Amino acid sequence: MSIPRSSSGKRLRSVVPGWGLFKGMWLTFRTFLRKPVTVMYPVEKEIPPERARGVIALDVEACTVCMLCARECPDWCIYIEGHKVQQPPAEPGGRARTRSVLDRFDIDFALCMFCGICVEVCPFDALFWSPEYEYSAESLADLLHGKERLTQWLATVPEPPALEGSEPEGGEP
Amino acid sequence: MTTPADRHLLAMHRSEAAVSVELQTEDMVLNIGPQHPSTHGVLRLVATVAGERVRSVQPVMGYMHRGYEKLAEVRTYAQITALVNRIDWVSGFANEIPFIVAAERLMGVEAPERAQCIRLILTEMFRISNHLIFLCSFPAELGAPTPLMYALRERERVLDLIEGVTGGRFHPNFNRIGGVKPAAGGGSTQRTRAQDLPKGFIEGTRRAMTAVRHVCDDLENLVLGNEIVQQRTIGIGVLPADKAVEYAMSGPNLRASGVPFDLRKVEDYLPYDRFDFDVVTMPNGDNYDRCRVRLEEIRQSARIIEQAVDSLPGGPLQAKVPRVIKVPKGECYVRAENPKGEMGYHIVSGGGRRPYRVKIRSASFCNLQVLPWLLEGALIPDVIAILGSLDFVLGDVDR
Amino acid sequence: MSLLDNVWVVLAVKLGLAVVILFALALVVMFAELKVSAHMQHRIGPYFAGGRWGWAQVFAEALKFLQKEDLIPRDADAPVFRLAPMVSLLGTFAVIVIIPLSPVLVAGDLDVGIFYALAAGSVSTIALLMAGWSSGNKYSLIGGLRAGAQLIAYELPLVLAVVGVVIQAGTMSMVGITEAQAQPLFHIGSVGISLPYALQGQIIGFVIFMIAALAELVRIPFDMPIAESELVMGYLTEYSGIRFTMFLLGEYAGMLAMSAIASVLFLGGYHFWGLNADWFGPFVLIGKSLILVFVMIWFRWTWPRLREDQLQSLAWRWLVPLALANIAVTATLKVVL
Ligand code: SF4
Ligand code: SF4
């Protein structure tokens with residue numbers, strides 16, 4: 001344990017009283033002359049990192065209506081309905097199989113807290129995070145998005161980012 | 001024996017007393033909050049004021065009570081992790097740490113080294129982000145809005161790094177029992193790959209730390225070196241060390257009073273002992289010192305992060321844990337040095353998927369206990385300044 | 001030309017002109033504050049309204065305020081509450097008429113010009129007191145009382161700072177003071193060089209005047225009556241809509257008026273070396289005022305605010321003695337030289 005450092009309690013006094021005021025003014029003036037850092041949002045956009053949790057995309061084909069996501073969601077904002085259909089046997093004489101078909105898959109993004117638990121628990125890789133963020137709505141009810149909309153977002157799901165140290169790189173332990 | 005000079009003084013006091021009796025006015029009750037620009041949310045102070053002088057203050061809390069302790073009883077451990085980083089939303093990740101560590105201790109697992117180091121780096125990043133927020137809100141309370149923009153500008157770099165790793169800027173939900181994992185899973189490629197730090201993180205961290213140090217220097221000039229700020233803060237809201245301990249202050253507020261107590265040195269919830277850093281203390285315990293301690297702590301955190309990034313161990317990120325997490329019967333209390341002070345979770349587990357009871361000790365709530373004592377006799381402008389210097393977040397107070 | 005011979009018509013035209021110019025410039029100052037503050041904070045500020053630079057933002061804001069509901073709280077003292085913003089504007093307009101833009105462009109050149117200006121300028125403070133008292137809000141009340149207390153602190157240094165100039169110029173007329181500064185002080189070859197009073201030893205007076213002016217204008221570092229982090233919005237808390245706009249315009253117009261007075265008194269008014277005062281006078285004076293306004297904005301976005309008692313001690317322990325010393329020295333020199 002290193003020795004706790006106590007400062008001498010010395011205040012940051014300027015040599016000339018009042019000089020501190022002008023040091024600050026010099027700083028603001030310098031900033032005044034520099035180029036602003038603002039990103040002009042609707043014109044230019046910031047690109048969020050690949051892992052950003054923007055919106056949840058759904059792969060309808062992969063979903064098996066297992067309801068795990070709906071059950072694990074901490075605020076129960078996923079609404080799933082499905083029904084079973086009899087499928088003709090794959091080859092004649094085989095057993096007829098049942099398959100679950102998704103009727104409704106809604107996520108209420110007004111309630112969702114973007115924790116990512118649903119994406120994590122889905123055992124069939126049907127849910128993905130997309131960094132897409134421009135889906136604001138004028139009323140809370142409009143934030144309930146159905147499976148059509150969720151599927152559209154599938155196209156925006158990026159490749160996972162390259163990892164630190166995955167490729168040999170000089171200097172990294 | 002009174003000398004003539006004394007008598008003169010006495011006469012003066014008498015005449016003053018006579019005047020004040022004549023002008024005796026009713027005290028006014030001033031409600032500062034719950035909707036007020038400087039109460040950081042919905043804190044309410046019922047102040048009895050005589051002119052500008054505050055006679056007594058009664059803080060009223062609970063406007064933002066969300067019942068976390070009750071919520072935690074009906075949620076699984078993974079869900080609680082997502083919940084608890086919303087307690088003090090300015091430093092979300094740091095809230096997860098003590099909870100996860102407590103659960104891990106109950107289960108008898110330990111996160112691998114690399115995971116622990118990443119936890120430590122992110123905790124310190126949130127400390128930087130939290131203290132930068134303080135450095136923008138505190139001058140704003142004194143009436144200077146510009147440091148806000150400078151601090152937030154650099155905080156953005158830190159948040160970008162955090163987002164790159166965890167997928168969330170404020171609410172990372174990055175800790176799992178036995179390790180760390182970004183919530184951006186999904187897809188078998190991501191499941192296997194998207195676990196570790198993304199490429200460019202280490203480089204970006206080094207650059208961000210340089211920028212953060214730079215803005216610290218700027219803010220030192222703009223805020224701490226400014227004579228008006230010094231007029232407004234030095235000797236205002238003095239909290240002596242013994243009082244600070246009595247009122248169970250913790251974190252930077254305690255260290256500003258000269259008590260060198262830092263859980264990072266005392267506890268072993270994260271491998272802080274590997275890194276070299278100082279516990280910053282200041283002797284006076286006034287507003288100025290509370291501000292200065294935080295500024296110095298940013299520098300110390302940057303130092304820790306740089307060391308940690310340089311010596312990041314390899315290895316897995318996740319220890320072996322069962323798929324369905326059940327925590328064995330027992331109880332455990334883990335406390336950690338959060339940016340705002342001591343944060344602790346007491347978990348009582350009945351042996352199921354959900355805890356039986358979680359008691360949360362949050363820093364801001366305990367730090368606010370001192371308010372009635374500290375604000376008594378202050379002027380209204382100083383009330384706001386002192387309030388700001390204590391650095392609380394209402395989510396952390398009311399939970 | 002008989003119409004222009006009528007003194008009342010002339011006065012009305014002059015007043016109208018002064019008001020229009022002042023309003024236009026107040027909008028310019030408002031825009032400057034938006035833009036300058038933004039760039040000092042590393043932002044861009046208004047951008048999309050109007051053309052490239054967002055110049056129409058001020059009009060948009062003004063229109064926005066005009067659309068808002070004109071709320072008067074139930075417990076407010078309605079007549080006083082309604083009157084206060086007008087009184088605030090009135091004080092500023094009363095000041096502006098005596099500022100000479102050029103030797104001839106002056107709405108009213110009074111013999112006691114500066115005396116009148118300082119007296120009329122204080123009217124705005126009454127407006128703040130009225131607003132604070134009548135709003136029926138504790139925060140407004142505190143704000144109004146702070147404004148009253150502030151008046152006591154800065155008014156004396158403000159007047160005392162001016163006295164030095166008046167002694168040196170030997171007149172209280174604004175045109176007279178300007179012309180006195182145009183007198184050549186020394187000669188380089190055959191060219192007479194004149195110096196504004198700020199360079200003729202009144203620099204202390206100038207600094208004191210500017211500090212006191214900041215206090216009169218309720219600008220940072222002396223914006224305690226508003227103090228949005230402490231008193232919500234001080235005396236402005238209950239105002240909305242057009243009345244709030246009037247206060248806002250009053251503030252910016254006041255900044256201009258005070259800067260213009262300071263330019264006349266200390267910076268040589270409409271005179272600038274080598275420029276013809278008849279033609280360039282208005283631009284020179286407005287330019288000087290805008291520079292001072294910029295400095296005020298600069299302070300506003302760099303410094304925090306002081307406390308009311310600290311202003312009092314600054315005023316009484318530093319400014320008043322300094323101003324008195326300034327007067328004594330000026331008077332002595334005037335007699336000796
Ligand atoms: S991200 Fe979390 S809150 Fe949102 S739907 Fe998924 S599990 Fe529910
Ligand atoms: S967990 Fe996956 S497969 Fe199961 S219902 Fe949800 S999205 Fe479909």
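Does Asn137(C) count as buried or exposed? Before answering, bear in mind that this is a predicted model, and then select Asn137(C), which you will find in the loop between α6 (123–134) and α7 of chain C. Its relative accessibility is 15%, and because buried means under 20% relative accessible area, Asn137(C) counts as buried.

Stay with this residue and show what surrounds it. Leaving aside residues up to four places away in sequence, Asn137(C) touches Thr237(C) and Glu238(C). If you display the side chains, you can follow a polar contact of 2.7 Å that joins the side chain of Asn137(C) to the side chain of Glu238(C).

Next, select chain C and chain B together and look at where they meet. Here 25 residues of chain C are in contact with 32 residues of chain B, and the two chains bury about 2500 Å² between them, with 59% of that area on carbon and sulfur atoms.

Which residues form the salt bridge between these chains? Select Asp382(B) and Arg307(C), which form a salt bridge whose closest N and O atoms are 2.9 Å apart; the count between chain C and chain B is one salt bridge. Across the interface of chain C and chain B there are also nine residue pairs in polar contact, with both residues of each pair at pLDDT 80 or more.

Now colour the helices of chain C, and look at the side that touches chain B. The elements that give two or more residues to this side are α7 (138–169) and α12 (308–336) of chain C, and the largest share, four residues, comes from α7(C). If you colour the residues of that side of chain C by type instead, they divide into eleven nonpolar, five polar and nine charged.

How values were computed. Residues are numbered from 1 along each chain as its sequence is written. Chains are lettered from A and ligands numbered from 1 in the order in which they are written. This is a predicted model: local features need pLDDT of at least 70, side-chain atom pairs count only at pLDDT 80 or more; totals for chains, interfaces and linings use all residues. Side-chain values use heavy atoms; hydrogens and water are left out. Contact means heavy atoms within 4.5 Å. Buried area is the accessible area (1.4 Å probe) that two parts lose on being put together, summed over both. A salt bridge is a side-chain nitrogen of Lys or Arg within 4 Å of a carboxyl oxygen of Asp or Glu. A polar contact is a pair of N or O atoms within 3.5 Å; within protein, one must be able to donate a hydrogen and the other to accept it, and residues adjacent in sequence count only if both atoms are side-chain atoms. Ala, Val, Leu, Ile, Met, Phe, Trp, Tyr, Cys and Pro count as nonpolar, Asp, Glu, Lys and Arg as charged, and the others, Gly among them, as polar. Buried means under 20% relative accessible area, exposed over 50%, partly exposed in between (1.4 Å probe, protein chains only).
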